[in-house]
Amino acid sequence: MADLSHGPSILIVDDDPDILKALQEFFVMRGYFCMTTTDGRQALGMLANVFPSVVVVDIRLNTEISGFDILRRTKELLPTTKVIVMTGFTDEEYPEKAKELKADWFIRKPVTPEKILEFLEGTQGASGDPKK
């Protein structure tokens, strides 16, 4: 099991390696312990071995495991872990499904790392309601 006692931890799951790298670099510079993967199945395995403070997950991954599967499993195993669900697609059912599965925040790409940090630090205004 990973030692995450030195600071907040974040698991970032996205099939775009450039997004993973950008988010990882941003959060490491701010004291987060970052774990990243492009693979949904690997993300599920990581949840069973580490206890991240936050999971940031893309809905559509290039695997048979979706971001919604990871959201569901995270909330089963680690109900207090914050889960941010993001997508670049405009499917109308995605925000409602994320809310139904208890996502802490749904956001459409492109999203800046700063915007994610604002949410995590609780500086979102009323228009940034994480359940919307």
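The paragraphs below go through this predicted model from its overall plan to single residues.

Residues are numbered from 1 along each chain as its sequence is written, and side-chain values use heavy atoms, with hydrogens and water left out. Because the model is predicted, local features need pLDDT of at least 70 and side-chain atom pairs count only at pLDDT 80 or more, while totals for chains, interfaces and linings use all residues.

The protein has five helices and five strands. Here helices (H or I, at least four residues) and strands (E, at least two) are DSSP runs, numbered from the N terminus. Along the sequence their pattern is β-α-β-α-β-α-β-α-β-α. The chain has 132 residues, and 44% of them count as buried. Buried means under 20% relative accessible area, exposed means over 50%, and partly exposed lies in between, for a 1.4 Å probe and protein chains only. Among contacts with a separation of 6 or more, 62% come from residues 24 or more positions apart; contact means heavy atoms within 4.5 Å.

Next comes the sheet. Strands of a sheet pair through backbone hydrogen bonds, either parallel or antiparallel. In this model the five strands form an open sheet in the order β2-β1-β3-β4-β5, and the pairing is parallel. Two strands are taken to pair if DSSP finds at least two bridges between them. The edge strands, each pairing on one side only, are β2 (33-37) and β5 (105-108). From one strand to the next, the twist averages 15°.

Strand β1 (residues 9-13) pairs with β2 in the parallel sense over five bridges. Within this pair, I10 stands opposite C34 in β2, and I12 stands opposite T36 in β2. In a regular strand the side chains alternate between the two faces of the sheet. In β1, S9, L11 and V13 point one way, I10 and I12 point the other way, and all are buried. Since five of the five residues of β1 are buried, the strand is largely enclosed by the rest of the structure.

What lies across β1, β2 and β4? Helix α1 (residues 17-28) does, and it runs at about 175° to β2. Such angles are taken between N-to-C directions and run from 0 to 180 degrees; the axes are lines fitted to C-alpha atoms, for helices over the stretch in contact.

Helices α2 (residues 40-49) and α3 (residues 67-77) have axes that come within 10 Å and cross at roughly 5°. The two helices are therefore roughly parallel to each other. By the convention used, angles under 35 degrees count as roughly parallel, over 145 as roughly antiparallel, 65 to 115 as roughly perpendicular and the rest as oblique. G40, A43, L44, L47 and A48 of α2 make the contact with D69, I70, R73, T74 and L77 of α3. By class, this contact has six nonpolar, two polar and two charged residues. Ala, Val, Leu, Ile, Met, Phe, Trp, Tyr, Cys and Pro count as nonpolar, Asp, Glu, Lys and Arg as charged, and the others, Gly among them, as polar.

T74, in helix α3, is buried, with a relative accessible area of 0%. Apart from its neighbours within four places in sequence, T74 is in contact with L47, V55, P79, T81 and V83.

Is K75 buried or exposed? K75 is buried, at 15% relative accessible area. The side chain of K75 reaches the backbone oxygen of T81 at 2.8 Å. With neighbours within four places in sequence left aside, K75 is in contact with T81, K82, V83, L101, K102 and D104.

K102 lies in the loop between α4 (93-100) and β5. K102 is exposed, with 54% relative accessibility. Although K102 is not a glycine, its phi is positive, at about 75°.

Two other loops remain. F51 is in the loop between α2 and β3 (54-58), and at 45% relative accessibility F51 counts as partly exposed. F51 and S9 are 42 residues apart along the chain, yet their C-alpha atoms are separated by 7.9 Å. P110 is in the loop between β5 and α5 (113-120). The peptide bond from K109 to P110 is cis, with omega near 0°.

Terms used: A polar contact is a pair of N or O atoms within 3.5 Å; within protein, one must be able to donate a hydrogen and the other to accept it, and residues adjacent in sequence count only if both atoms are side-chain atoms.
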